[in-house]
Amino acid sequence: MVIRRSLGAAAPAGPDPFSLADPATVTAILRAAGFDGVAFTDVREPVHYGPDVATALAWIRGFTCTSEVLRRLEPAAAAQTVERLRRALAEHRRDDGVWFDARAWIVTARRGREGTPAAGATVRW
């Protein structure tokens, strides 16, 4: 499954896997908190969505972005969308569960501004 965001779509706020999808947003948050030297390291690893399709589907439906989209759809369209998700998950089912390729960042920054607590400390996020 490839999750694509439309160009220009804002990352959702709140507890969501994609809420910090924009490097500029993450950089602004860290700079506002007194960090400099923000750097992103790309990581690509497979992600286990669950031991079976039902568990994986429940996990995905728990994402804020997914639940919000489903909530806005008419009931029949929402049911069709959930079925399409179920089929996509089933296509990625292996003996050891449902797996997808994933991409994330390791974000590092230094607390370096004069007068800030722990100046010179490095944080990994």
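A residue is called exposed when its relative accessible area is over 50%, buried when it is under 20%, and partly exposed in between. The close-up views below come from a predicted model.

**View 1. The salt bridge between Asp-42 and Arg-44.** Arg-44 has a relative accessible area of 56%, and because the cut-off for exposed residues is over 50%, Arg-44 counts as exposed. The closest N and O atoms of Asp-42 and Arg-44 are 3.0 Å apart, and the rule for a salt bridge asks for a side-chain nitrogen of Lys or Arg within 4 Å of a carboxyl oxygen of Asp or Glu.

**View 2. The salt bridge between Asp-42 and Arg-103.** The side chain of Asp-42 also meets that of Arg-103 in a salt bridge, with an N to O distance of 2.8 Å. Asp-42 belongs to strand β1 whereas Arg-103 belongs to strand β3, so this pair ties together parts of the chain that are 61 residues apart in sequence. Arg-103, at 57% relative accessibility, counts as exposed.

**View 3. The salt bridge between Arg-94 and Asp-96.** Here the side chains of Arg-94 and Asp-96 meet at 3.1 Å, taken from N to O. Arg-94 is partly exposed, at 43% relative accessibility, and Asp-96 is likewise partly exposed, at 43%. By the rule used here, the count of salt bridges comes to six.

**View 4. Helix α4, residues 75-91, and its length.** Helix α4 has 17 residues, which at 1.5 Å a residue should span 24 Å, and the C-alpha atoms at its ends are 25 Å apart, in agreement with that expectation.

**View 5. The buried and exposed residues of helix α4.** Ala-78, Val-82, Leu-85 and Leu-89 are the buried residues to look for in α4. When the helix is seen down its axis, the buried residues fall within an arc of 55°, so they line one face of α4. On the other side of α4, by contrast, Ala-76, Gln-80, Arg-84 and Glu-91 are exposed.

**View 6. What covers the buried residues of α4.** The cover over these buried residues includes two helices, α2 (53-61) and α3 (64-72). It also includes the strands β1 (35-50), β2 (93-94) and β3 (97-111).

Notes
Residues numbered from 1 in each chain as written. Predicted model: local features only at pLDDT ≥ 70, side-chain atom pairs only at ≥ 80, totals over all residues. Heavy atoms only, no water. Helix = DSSP H or I, 4+ residues; strand = E, 2+ residues; numbered from the N terminus. Expected span 1.5 Å × (residues − 1). Buried < 20%, exposed > 50% of the residue type's maximum accessible area, 1.4 Å probe, protein only. Arc of directions from axis to C-beta. Contact = heavy atoms within 4.5 Å.
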